[in-house]
Amino acid sequence: MYRLVFASMGYLHRAMTGFAVLVFLVTTPVHAQQPSDVACELLQPAEIESALGGKTTTKFSGFTLNEKGIVQDACFGGIKRPGQDGMMDVTILILKNHPMDGGDFIHGRNAAAARQGQWKVNGAQFEEKTMGNAICTMSGRPNVPAHTVCSIPRGKGYVEVEVKSPSQKEMASMDAVRTLVQKAYTRW
């Protein structure tokens with residue numbers, strides 16, 4: 001009985017934490033979000049096309065969010081590869097002034113993601129690999145978009161490139177995304 005109560009409390013805590021993050025994002029004042037080109041200046045469309053083997057389909061654009069000194073600078077765009085069913089979404093993210101070390105945050109976030117039950121179903125995969133100074137993950141499961149993410153920490157922040165693919169069979173390789181994040185890191 002007590003185990004059931006404590007297990008339920010754990011689920012309730014995670015749900016409330018997720019709700020708090022959602023409320024934070026929805027209630028962030030508009031003045032805290034500004035258009036930005038900082039993250040978009042880290043990589044050129046031709047570099048992204050070359051690394052991923054496709055053609056950009058949308059103009060990359062971004063925003064800066066500054067909430068209580070923690071700064072997120074993000075850039076978004078799309079790329080289409082020949083023979084691919086859908087489009088890949090590319091996100092370039094810079095995070096600065098995080099309350100904890102960037103490397104510790106990335107490792108903790110990845111460890112928490114790896115423990116999720118969704119990676120235990122048939123056909124699912126979650127892989128993490130450190131490649132030089134980049135910490136990369138590939139994750140996907142049948143019938144949902146798949147993700148390849150590479151991050152490089154710097155002090156209380158990090159730079160990250162994420163490529164969301166329409167399916168597991170169309171995932172971007174870790175090597176390609178690592179190449180992109182390393183270029184972005186040298187320009188940050």
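A salt bridge here is a side-chain nitrogen of Lys or Arg within 4 Å of a carboxyl oxygen of Asp or Glu. By that criterion the structure holds six salt bridges. This is a predicted model, in which local features need pLDDT of at least 70, side-chain atom pairs count only at pLDDT 80 or more, and totals for chains, interfaces and linings use all residues. Residues are numbered from 1 along each chain as its sequence is written, and side-chain values use heavy atoms, with hydrogens and water left out.

**Fold**
- The protein chain has four helices and nine strands, taken as DSSP runs (helices H or I, at least four residues; strands E, at least two) and numbered from the N terminus.
- The order from the N terminus is α-β-α-β-β-β-β-α-β-β-β-β-α.
- Of the 188 residues, 38% are buried (under 20% relative accessible area; exposed is over 50%, partly exposed in between; 1.4 Å probe, protein chains only).

- Glutamate 47 pairs with arginine 187, with the closest N and O atoms 2.6 Å apart.
- Glutamate 47 lies in helix α2 (residues 45-52) and arginine 187 in helix α4 (residues 174-187), so the bridge ties together parts 140 residues apart in sequence.
- Glutamate 47 is buried at 16% relative accessible area, whereas arginine 187 is partly exposed at 40%.

- Lysine 164 and aspartate 89 form a salt bridge at 3.6 Å, N to O.
- Lysine 164 is in strand β9 (residues 157-165) and aspartate 89 in strand β5 (residues 88-96), so parts 75 residues apart in sequence are tied together.
- Glutamate 160 and arginine 109 form a salt bridge at 2.8 Å, N to O.
- This pair links strand β9, which holds glutamate 160, to helix α3 (residues 102-114), which holds arginine 109, 51 residues apart.
- Glutamate 160 is buried at 8% relative accessible area, and arginine 109 is partly exposed at 27%.
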